[in-house]
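Please look at the sequence and the structure below before reading on. The report is written for a reader who has not seen them before.

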Amino acid sequence: MSRVLEQTGQPVRSSDLYDRGYGEVGFDFLEPKWSADNIVTNPPYNCAEGFVASGVKHSNRKFALLLRLAFLEGANRANTIFAKIPPARVWVFSERITFYPSGVEPKGSGTTAYAWFVWDKDAPGQTELKWFKPGYKAKFA
């Protein structure tokens, strides 16, 4: 994600807990050492709830998480995240996306539905549910 964001010409600061060959290493998102205006990340799914709390706290403006659409489910999240700090927008991928490791030839379609969950401190009102229009896969493949 960082490489794609850097292509927009905006400054990007990348980090990870482990060395994956890119960005600052040893950065624990759940105990960050710095804040940023906007944070965009794809968390380990078993840590997503902790990432929401940390991201909302340490982003000055917007915070976006790429998560399984199923993140919307669950009584615990309904009573905690979505009742107390709901996202401003949820952008659903209308076409399934698949994440391939580097060097693997993409084929077939994904079996998991994903969405961008966006917390925006300047957004008024309730959570908006939006969809990316079909055709983006062909456009960006």
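The sections below cover the basis of the model, the sheet, the crossover, the nonpolar cores and the salt bridges.

## Basis of the model

This is a predicted model, in which local features need pLDDT of at least 70 and side-chain atom pairs count only at pLDDT 80 or more, while totals for chains, interfaces and linings use all residues. Residues are numbered from 1 along each chain as its sequence is written, and side-chain values use heavy atoms, with hydrogens and water left out.

Helices (H or I, at least four residues) and strands (E, at least two) are DSSP runs, numbered from the N terminus.

## The sheet

Strands of a sheet pair through backbone hydrogen bonds, either parallel or antiparallel. Here, two strands count as paired if DSSP finds at least two bridges between them. Five strands form an open sheet in the order β3-β4-β6-β5-β7, and the pairing is mixed. Because β3 and β7 (128-132) stand at the edges with a single partner strand each, one side of each has no neighbour in the sheet. From one strand to the next, the twist averages 15 degrees. Axes for such angles are lines fitted to C-alpha atoms, for helices over the stretch in contact, and angles run from 0 to 180 degrees between N-to-C directions.

Phe93 stands opposite Phe132 in β7. Helix α2 packs on the sheet and touches β3, β4 and β6, its direction making about 160 degrees with that of β4. Contact means heavy atoms within 4.5 Å.

Strand β3 (residues 36-41) pairs with strand β4 (residues 59-68) in the parallel sense, over five bridges. Between these two strands the chain passes through helix α2 (residues 48-58), and this β-α-β crossover is right-handed. That term applies if, with the strands pointing away from the viewer, the path from the first strand over the helix to the second runs clockwise. Asn38 has Lys62 in β4 as its bridge partner.

## The nonpolar cores

A nonpolar core is a set of buried Ala, Val, Leu, Ile, Met, Phe, Trp, Tyr and Cys residues joined through side-chain atoms within 4.5 Å. Buried means under 20% relative accessible area, exposed over 50%, and partly exposed in between (1.4 Å probe, protein chains only). The largest core has 20 residues, of which Val52, Phe63, Leu65, Phe71, Phe117 and Trp119 touch the most other members. At least two residues each come from β3, α2, β4, α4 (81-84), β5 (89-93) and β6 (114-120). Helix α2 gives the largest share, four residues.

Leaving aside residues up to four places away in sequence, Phe117 touches a set of residues including Phe63, Leu65, Phe71, Phe82 and Val90. Another core, of eight residues, lies apart and includes Leu66, Phe93, Ile97 and Tyr114.

## Salt bridges

Side chains of opposite charge can pair when their charged atoms come close. A salt bridge is a side-chain nitrogen of Lys or Arg within 4 Å of a carboxyl oxygen of Asp or Glu, and the whole structure has five of them. One joins Arg13 to Glu24, with the closest N and O atoms 2.7 Å apart. Arg13 lies in the loop between α1 (2-6) and β1 (15-16), and Glu24 lies in strand β2 (residues 24-25), eleven residues apart. Arg13 is partly exposed, at 48% relative accessibility, and Glu24 is partly exposed at 35%.

Asp16 forms a salt bridge with Arg20, their closest N and O atoms being 2.7 Å apart. Asp16 is partly exposed, with a relative accessible area of 22%, whereas Arg20 counts as exposed at 59%. Lys130 pairs with Glu128 in a salt bridge whose closest N and O atoms are 3.8 Å apart.
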